[in-house]
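Trainee: Hi, could you walk me through this structure?
Mentor: Happy to. Let's open it up and start with the strands.

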Amino acid sequence: MAVDGDETVAGGDSQPPVTTAAATTEEKAIARLSPFPNMEHISDNYGDLELEYSSAMLSSLEKYLPPAMLTATREEKAKFMSDILRKYISRDECSKAKWCKNYWQKIKSNYQPLSRELYNFDPELFLLPSFRKAISENTKESFRRIISEPFPGVLVFQMFQPDFFQKLIVEVENIGKWVHETNFPIRRPYHMSKYGVAFVDFGLDIMLQQLMEEFLFPICKVFFPEECGAMFDSHHGYYIENGEDRDPPLGYHLDDSEITLNVCVRKQFEGGEISFIGTRCLRHKRTDVKPEEVFHYCHSPGQAILHRGRHRHGPRANTPSCSRANMILCCRNSLFREMEKYEKDFPEWCNECAHEKKEKESQSLAAKRKGMIRIATGGKA
């Protein structure tokens, strides 16, 4: 929802403008940055100013200011950069970012973590040696040694040490206890969840960022090159519990991700199979399921599943007696999403697009064959 706001800048005065080199540059440049940063320039700190955008953002951007603006006052530089940022980041988004910052600060000031090792993630401590070895070799052959692909686009492997799951469970239970005792209203991973935990809110996003960049991206670059591109640039990670006294499982859905990592942390009783029912682009996400697209998989504790976010999936059957906990990491690539807007048709990974392409090719071939027969028979066919 867009939020209307006053476009005036508070704190202005009625004095006539002073013609300085910085001011003249600002007028002529129409708020444009230099394409190359001045790495020798020491940026100012904007923390004590009342601004729309964070001090860290402005300090980072300052190195890209035009040379004449680098000698301007902090206030002039802040206004110049804010004018540019306002073209790309709305005030509504800024307000949301400020709210999140205050929200995270409140949690950080009051919540005491139990498993601090998770917050300073050590791959040698928490990842299996065989997994780390495959990543260090960084070849398709090394990945194939540890990964099975029971169905096209569904990769299954082991990556975490048992101690990782124990510490994660203890940390999540501690978070739940703190929320219950303090009655602190925390955000949940999605609107239907009452028990899930969004990792970013408790400072575990650093662990997820490291997992995504250093360990998942090399695998995705081999098996999902189109979706991951040159890099993943954002993520959403959370812990979810499904069962009789926990959140009900989601129905069939697409993830808000290019690639999703789903790790089974623990599971009690039988059932709770995951069903995959075809990969779809946004245009075809509600199309019917074809029998050959259906794949059921029994997710065991400790197993990681890596799949496209657009691979429709959900529980095979809602089994109340089955209780399970999963760690989900949604990896995103904004460039892929932007390019998808301009892709006219037939993305190779969409089963329905592939079917439509095959149908069009068959129709075109049939039309050519009919035309050739007509020519051969003198137009009598």
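Predicted model: local features only at pLDDT ≥ 70, side-chain atom pairs only at ≥ 80, totals over all residues.

Mentor: Strand β6, residues 274-279, pairs with β7 in the antiparallel sense over four bridges.

Trainee: Which residue in β7 stands opposite Ser 275?
Mentor: That's His 296.

Trainee: And what order do the strands of that sheet come in?
Mentor: The order is β7-β6-β9, three strands in an open sheet with antiparallel pairing. The edge strands are β7 (294-297) and β9, each of which pairs on one side only. From one strand to the next, the twist averages 25°.

Trainee: Let's look at His 313. Where does it lie?
Mentor: His 313 is in strand β9, which covers residues 311-315.

Trainee: Is His 313 buried or exposed?
Mentor: It counts as buried, because its relative accessibility is 8%, and the cut-off for buried is under 20%.

Trainee: What does its side chain make a polar contact with?
Mentor: The side chain of Asp 255, at 3.4 Å. Leaving aside neighbours within four places in sequence, His 313 also has contacts that include Tyr 252, His 253, Ser 275, Phe 276 and His 307.

Trainee: Switching to helices: at what angle do α2 and α3 cross?
Mentor: Roughly 95°, with the axes of α2 (residues 55-62) and α3 (residues 74-85) coming within 10 Å. So α2 is roughly perpendicular to α3.

Trainee: Which residues meet there?
Mentor: From α2, Met 57, Leu 58, Leu 61 and Glu 62; from α3, Lys 77, Ala 78, Met 81 and Leu 85. By class, this contact has six nonpolar residues, two charged and no polar ones.

Methods:
Residues numbered from 1 in each chain as written. Heavy atoms only, no water. Helix = DSSP H or I, 4+ residues; strand = E, 2+ residues; numbered from the N terminus. Buried < 20%, exposed > 50% of the residue type's maximum accessible area, 1.4 Å probe, protein only. Polar contact = N/O pair within 3.5 Å; in protein donor to acceptor, adjacent residues only side chain to side chain. Contact = heavy atoms within 4.5 Å. Pairing = 2+ DSSP bridges. Axes fitted to C-alpha atoms, helices over the stretch in contact; angles between N-to-C directions. Parallel < 35°, antiparallel > 145°, perpendicular 65-115°, else oblique. Nonpolar A, V, L, I, M, F, W, Y, C, P; charged D, E, K, R; others polar.
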